[in-house]
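Subject: A structure for you to explore

Hi there,

Here is the structure I promised to pass on to you. Please open it in your viewer and keep it beside this email while you read.

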Amino acid sequence: MALANIIWVDDEIESLQSQKIFLENKGYHVETFTNGFDAIDFVKENQVDVALIDESMPGITGLETLAQIKEINSRLPVVLITKNETENLMDDAIGSQISDYLIKPVNPNQVLLSLKKIIDNKRLIAEKTTSAYQQQFRNLFMALNSNPDYNEWMDIYKKLTYWELEMEKSDSPEMREVLQTQKSEANTEFFKFVSRNYAKWVAPNSKEGPIMSHTVFRFKALPHVEKGTPTFFILLDNLRFDQWKAIQPVFAESFRILEEETFYSILPTATQYCRNAVFAGLMPIDIEKHFPVQWKNDEEEGGKNLYEEDFFRAQLKRLKREDIRFSYTKVVNYQAGQDLVNNIHNLMGNDLNIIVYNFVDMMSHARTEMEVLKELAGDEISYRSVTRSWFEHSPLNQALKKIADKKINLILATDHGSVRVKSPVKVIGDKQTTTNLRYKHGRNLHYEPRDVLAFRDPREAGLPTPNVNSSFIFAKEDLFLCYPNNYNYYVNYYRNTFQHGGISLEEMIVPVIRMTSR
């Protein structure tokens, strides 16, 4: 079987027979043509991996041949062979998306190197990635088994994410499977780690533990707010660290990234708990104490995130930062996004502009409900791809580009992440039990203790007690919690959907990124 199918188009092809034989001896299959028309017809009917095209041919030129071939197959790599390297010619060729160009007379090894660069590049990258991960596998394994602290866990998750992104370049399903197994083992150990330590982290006046939802503003945003330079704090809801890495290149076009850090989302890793904690600077139990009217528990009627601006104003007062002039904008639909684009310049007079953008969460919920989105975002790779595609074309990106040339600070954060759930487990509860798939609270909950982290007294987790004898449970790893009635229907409906509320690296270790204008 040939390494690749090559076509070579040159009106003096007879003089290149030795080159053709050289390439065929190297394992390539080469079809030759003396004019562009025949080559175009051949591309219509046959599998071609690379086209070598002479620029200067009578009848139809090389550039015209190139243009017509690209119309048939826009992804076909083309090497242009030319007698001269004039600027206009190369501008035209590069504008036509050539992969490489060679100057006549061409040396057989030159052609071979060009083909290798084009054809083997992906394979070589894949092999290098696989080899590098094999070398790192043991280091990650040792890190997982050395009782890591919360900082080391953030480092482990970043490394796993790095390799997951690198493995996209690899065509080795075996190595991807090895990585997924390692990630699964990491989540098993992470669940044990959180189970042992969470109550200590969120205890009143605790001085141990990572930066979490209720302290992220105090330590990661407010220290960078300065008079004279507006700071934009953007909370993109439900943004995993790997999704940040997917949109990072788009940000990097306009902004300089100063710090790429993570923090821990509180439990439950759900919007009404985490996002309220971010803006209030308090754990949910304390939000309920200070704002008994505004706080709503899961089963209560009314919006659960309607008072973030009030909560934030109270946090500034508590931290004695009332001098900060701030705006608060929430974008929950396309029109609100367009309003942000039109209004962004009017925010430049504030010290701090908070923008809460709701797209990713809507996408994950819509993905559960809509078959077309299940197809588009069927796994982590496509979930990242859809996130990047959305952000590139979003009103948020448009708005930020309008102020990218101004002197600003930019902080991107989130409230929690999500995890793709695969393994159902049964939970039995009374009518007051909540319907969430990754956490539940209620009275008389019956569950398998090894599947969840349970708090019989919610106050130990910094949470309100919705009813007398209410307890909270949080699912581990990739489990999702189902009731026995209609069990098979819900299992099939929710399996492989992205959910949040429980304990996993993807839900709890989330990005906080500091940037500035270039």
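Asn-147 sits in the loop that links helix 5 to helix 6 (150-167). Its phi is near 55 degrees, a positive value in a residue that is not glycine. Is Asn-147 buried or exposed? With 60% relative accessibility, Asn-147 counts as exposed. Please bear in mind that this is a predicted model.

Asn-496 also has a positive phi, of about 70 degrees, although it is not a glycine. You will find Asn-496 in the loop between helix 18 (487-494) and strand 17 (498-499). Its relative accessible area is 30%, so Asn-496 is partly exposed.

While you are looking at loops, here are two prolines to visit. The peptide bond from Lys-104 to Pro-105 is cis, with omega near -5 degrees. Pro-105 belongs to the loop between strand 5 (100-103) and helix 5 (108-144). Another cis peptide bond joins Leu-267 and Pro-268, with omega about -10 degrees. Pro-268 lies in the loop that runs between strand 7 and helix 10.

Now zoom out to the whole chain. How many helices and strands does the chain have? There are 19 helices and 18 strands. Along its principal axes, the C-alpha trace spans about 90 × 55 × 40 Å. The chain has 518 residues, and 53% of them count as buried. If you take the contacts with a separation of 6 or more, 75% are between residues 24 or more positions apart.

Six strands make up an open sheet with mixed pairing, in the order 7-18-10-6-9-8. Which strands stand at its edges? They are strand 7 (255-264) and strand 8 (326-331); each has a single partner strand, so one side of each is left without a neighbour in the sheet. From one strand to the next, the twist averages 15 degrees.

Inside this sheet, strand 6 (residues 231-236) and strand 9 (residues 352-357) run parallel and are joined by six bridges.

Helix 8 touches strand 6, strand 7, strand 9, strand 10 (409-413) and strand 18 (509-517), and its direction makes about 150 degrees with that of strand 7. Helix 10 lies across strand 6, strand 8 and strand 9, and runs at about 165 degrees to strand 6.

These two helices also meet each other. Helix 8 (residues 213-221) and helix 10 (residues 271-280) pack at an angle of about 35 degrees, and their axes are 6 Å apart. The crossing is right-handed. On the helix 8 side, the contact is made by Ser-213, His-214, Val-216 and Phe-217, while helix 10 brings Cys-274, Ala-277, Val-278 and Phe-279. Sorted by class, the residues in this contact are six nonpolar and two polar, with no charged ones.

Then there are the aromatic rings. A pair of aromatic rings is described by the distance of the centres and the angle of the planes. A search of the whole structure finds 37 aromatic pairs. One of them is formed by Phe-251 and Phe-391, which are stacked at 4.7 Å centre to centre with 15 degrees between the planes. Phe-251 is in helix 9 (residues 241-254) and Phe-391 is in helix 16 (residues 380-392), so the pair ties together parts that are 140 residues apart in sequence. Both Phe-251 and Phe-391 are buried.

For an edge-to-face pair, go to Tyr-273 and Tyr-439, with 6.0 Å centre to centre and 90 degrees between the planes. Tyr-273 is in helix 10 and Tyr-439 in strand 13, 166 residues apart, which makes this a link between distant parts of the chain. Tyr-273 counts as buried because its relative accessibility is 0%, and Tyr-439 counts as buried because its value is 1%.

My last stop is Thr-434, in the loop between strand 12 (423-426) and strand 13 (439-442). Thr-434 has a relative accessible area of 5%, so it is buried. Apart from its neighbours within four places in sequence, Thr-434 is in contact with Asp-298, Tyr-439, Lys-440, His-441 and Tyr-483.

Enjoy exploring!

Best wishes

Notes. Residues numbered from 1 in each chain as written. Predicted model: local features only at pLDDT ≥ 70, side-chain atom pairs only at ≥ 80, totals over all residues. Heavy atoms only, no water. Axes fitted to C-alpha atoms, helices over the stretch in contact; angles between N-to-C directions. Helix = DSSP H or I, 4+ residues; strand = E, 2+ residues; numbered from the N terminus. Left-handed = near helix turned anticlockwise from the far one by under 90°. Contact = heavy atoms within 4.5 Å. Nonpolar A, V, L, I, M, F, W, Y, C, P; charged D, E, K, R; others polar. Buried < 20%, exposed > 50% of the residue type's maximum accessible area, 1.4 Å probe, protein only. Pairing = 2+ DSSP bridges. Phe/Tyr/Trp six-rings, centres within 6.5 Å; stacked < 30°, edge-to-face > 60°.
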